[in-house]
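Biologist: Before we discuss this model, please show me the sequence and the structure. I shall then ask on what grounds each description rests.

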Amino acid sequence: MYTKISSCGTDGRMESAMTHECVTGRREFLRYAAGSAAWLAASGALLDSFAGEVRAASLKSSEPDLILALTASRSETQLLSGEPTGVWRFSARVLKGDGASVQRSPGGYLGPTLRLKKGQRVRVEFNNQLADPAIVHWHGLHLPEAMDGHPRYAVGPGKPYVYEFEVINRAGSYWYHPHTHGITGRQIYMGLAGMLLVSDEEEQDLRLPQGESDLPIVLQDRTFGRDNQLAYISGEGNVDRAGSGMMGGGGMMGGGMMSGMMGFLGDEIFVNGRRNTVFPVASRAYRLRLLNASNSRIYRLAWGDGTPLTIIATDGGLLERPERRAAVTLAPGERIDLFADFSNKSVGATLAMRSLAFENPMGGMMGGMMQQGKLPSGAAFDVFRIRVDRRERSSTRLPERLAAPPRLNEEETVNFGSPRLFRLTMGMMRWGINGRTFDMDGVADDEIVKLGTTEVWEFANDASAMMAMPHSMHLHGAQFRVLDRTSSGRQTGLRESIVDAGLKDTVLVLPGERVKILAPFSRYAGLFPYHCHMLEHGDAGMMRNYSVRA
Ligand code: C2O
Ligand code: CU
Ligand code: CU
């Protein structure tokens, strides 16, 4: 059986006119189909959003605790000396509730950091002021389908989309970004991303560094072309700027096609939307929340002075206890929280966060191509610097025990001996999953899971050596546990520094590796994407839906 909900927008770019047709199509569909209640609720929310008056059924009776207005629009900012740079950015305002829920990110192009609390009922009134369709995804949050930002809910220019949800996630470092079909890479690249931090009581009781000593740190890479403008891949398979292109261009393939295959790598590192970022700190303990929001770059992070990194949280929140590691691999989409104590440092001291060199994990043709460009994959570079600029006495200590993440037991899975297999594939120069590429509303037989069950999924990156690349696999709608990682590939430096602990929503799968995860599908039925978070791979079709059914 092959389920197809509607046929619109299944491939190519979704144009604004197309969006409208899609909605009409869905209305037709709804009239004739006796869909499940969840379906009707979800699609109903979409239709209502065009009138700007969505009220999710479950929240109809209760007023939200927090109401935010969130806008995506074009803007300009001074990133380099000389001409200002055109960017696309999120801005937010608190319409009701705690004013501290929105914290501006000064100086760069990033959207504000949103601070939510577990249990909070939130309404976000999104307004798309871009020239393209857009929809916002709350990466890592567990939400009903219509609130999750599936690309099929994209709204056209000038259109609103209203989100209403309850925050059920545990405390953690999540993020938000557009999820528009085929152009997510460009939209994030132009500046549309921000952090979303959730707190809860369990975390508050630990008295971890807070306020000014709780720092969101967003890692990205960017390339500039003429007049200080951001350069990305153009639709025609070339690079926006004049010249040879970010991946070396030329050869048999244009830069666009190559980037679609390889992933975009920028020439220089931007942290919190700024170049050469230095964080002025006090001589005290900090919580550093690192997010890799780069389109395709992988980092291998380490302190410049060789101090081990103290990891306190991964994608889905705090670990049971801190882990110390010499270096940490951070793939696109992943987060890691560090505890960093600068209390022994004197005023004026500086410390670099480095990305260490690694051997490119792909051989053959791919490996060769990844070596090109100004800042090739696997190059060593400084990511940001810390500078101690004031003394401060504080008694913040790192607890031995941090939190009790929900237990996910192998025995409770419905398919322990025979994992659901997802082969990461390449066909016709396009990445796919089990040989398939994205189909907006489609889901295959082997992509249907039962609501309330826990499953083992296995990602197999056994591509031939010539076509192998790392992939950063992400699931919407579930925080999972990494069960097992087996590899037949060579050692690369990246592998030794991968942290699989805690709850995860994104996991790096290196060439030659098989990674098993244990994922619970609880609470919400619906259609959710899973995909490679190397944004060019996802946009080129390395994305599929899975369907959770009651
Ligand atoms: Cu952060 Cu489906 O993405
Ligand atoms: Cu996501
Ligand atoms: Cu990929």
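**Strands, copper sites and confidence**

Modeller: Strand 29 (residues 481–487) and strand 31 pair in the antiparallel sense, with 6 bridges between them. This is a predicted model, in which local features need pLDDT of at least 70, side-chain atom pairs count only at pLDDT 80 or more, and totals for chains, interfaces and linings use all residues. Residues are numbered from 1 along each chain as its sequence is written, chains are lettered from A and ligands numbered from 1 in the order in which they are written, and side-chain values use heavy atoms, with hydrogens and water left out.

Biologist: Which other strand pairs with strand 31, and in what sense?

Modeller: Strand 27 (residues 453–460) pairs with strand 31 in the antiparallel sense over 8 bridges. Here Phe 459 has Val 515 as its bridge partner in strand 31.

Biologist: Why is strand 31 called largely enclosed?

Modeller: Buried means under 20% relative accessible area, exposed over 50%, and partly exposed in between (1.4 Å probe, protein chains only). Of the 9 residues of strand 31 (residues 513–521), 7 are buried, so the strand is largely enclosed by the rest of the structure. In strand 30 (residues 506–509), both faces are covered: Thr 506 and Leu 508 on one side, and Val 507 and Val 509 on the other, are all buried. Strand 30 runs antiparallel to strand 28, to which 4 bridges join it, and Leu 508 stands opposite Ser 472.

Biologist: Which residues are the protein donors of the copper ion (ligand 3), and how do you know that they qualify?

Modeller: Donors are N, O and S atoms within 2.8 Å of the metal (3.2 Å for Na, K and Ca); water is not among the atoms, so sites may look incomplete. His 471 (ND1), Cys 532 (SG) and His 537 (ND1) lie 2.0 to 2.2 Å from the copper ion (ligand 3), so they qualify as its protein donors. Along the chain these donors follow the spacing H-x60-C-x4-H. Distant parts of the chain are linked by His 471 in strand 28 (residues 471–475) and His 537 in helix 7 (residues 535–539), which are 66 residues apart.

Biologist: Why are His 471 and His 537 called buried?

Modeller: The relative accessible area of His 471 is 0%, so it falls in the buried class. His 537, at 0% relative accessibility, also counts as buried.

Biologist: Which polar contact joins the side chains of His 137 and another histidine?

Modeller: A polar contact is a pair of N or O atoms within 3.5 Å; within protein, one must be able to donate a hydrogen and the other to accept it, and residues adjacent in sequence count only if both atoms are side-chain atoms. The side chains of His 137 and His 476 are joined by such a contact of 3.4 Å. A polar atom of the His 137 side chain also lies 2.6 Å from the backbone oxygen of Asp 148.

Biologist: How confident is the prediction, and where is the pLDDT below 50?

Modeller: The pLDDT is the predictor's confidence in each residue, from 0 to 100. Its mean for the chain is 86, and 81% of the residues reach 70 or more. Over residues 1–59 it is below 50, and over residues 235–254 it is also below 50. Where pLDDT is low, the predicted coordinates should not be read in detail.

How values were computed: Helix = DSSP H or I, 4+ residues; strand = E, 2+ residues; numbered from the N terminus. Contact = heavy atoms within 4.5 Å. Pairing = 2+ DSSP bridges.
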